[in-house]
Amino acid sequence: MKGPLRGGMFSRHVKRHPGLVPLIGFISVGLGSAVLYLLRLALYSPDVSWDRKNNPEPWNKLSPTDQYKQGERGISPGAEPPNPCAQIWGGGTL
């Protein structure tokens, strides 16, 4: 069963089981949303560089007003990180 028969089989199966229609719809919307989100990240994110020939090192072209993360903030080298439980339960170490 190859070629156009698959589409016919699918429509016959959906006609026999109409409860599958919402399931197929929600799965289609979820997959479409995921694809659109990944396209948005790939095309509009400043962290992605698709042009290696004309811009091999895009991090060198950042202006002083561009936002970027450089390491972790608020923790000095050699210092112990803050205890998140101390904020919730009010003190002490683990």
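These are my notebook entries on a predicted model.

**Ground rules.** I number residues from 1 along each chain as its sequence is written, and my side-chain values use heavy atoms, with hydrogens and water left out. As this is a predicted model, local features need pLDDT of at least 70 and side-chain atom pairs count only at pLDDT 80 or more, while totals for chains, interfaces and linings use all residues.

**Fold.** I looked up the elements and found three helices and zero strands, running α-α-α from the N terminus on. Helices here are DSSP runs of H or I with at least four residues, and strands are E runs of at least two, numbered from the N terminus.

**Confidence.** I checked pLDDT (the predictor's confidence in each residue, from 0 to 100). The mean is 76, and 60% of the residues reach 70 or more. Helix α2 has the highest confidence, at a mean of 93, and α3 (residues 84–89) the lowest, at 65. A note to myself: where pLDDT is low, the predicted coordinates should not be read in detail.

**Burial.** Of the 94 residues, 3% are buried. Buried means under 20% relative accessible area, exposed over 50%, and partly exposed in between (1.4 Å probe, protein chains only).

**Leu36.** I found Leu36 in helix α2 (residues 20–44). Leu36 counts as exposed because its relative accessibility is 58%.

**Lys61.** I then turned to Lys61, in the loop between α2 and α3. Lys61 counts as exposed because its relative accessibility is 59%. Leaving aside neighbours within four places in sequence, Lys61 is in contact with Asn54, Asn55 and Asp66; contact means heavy atoms within 4.5 Å.
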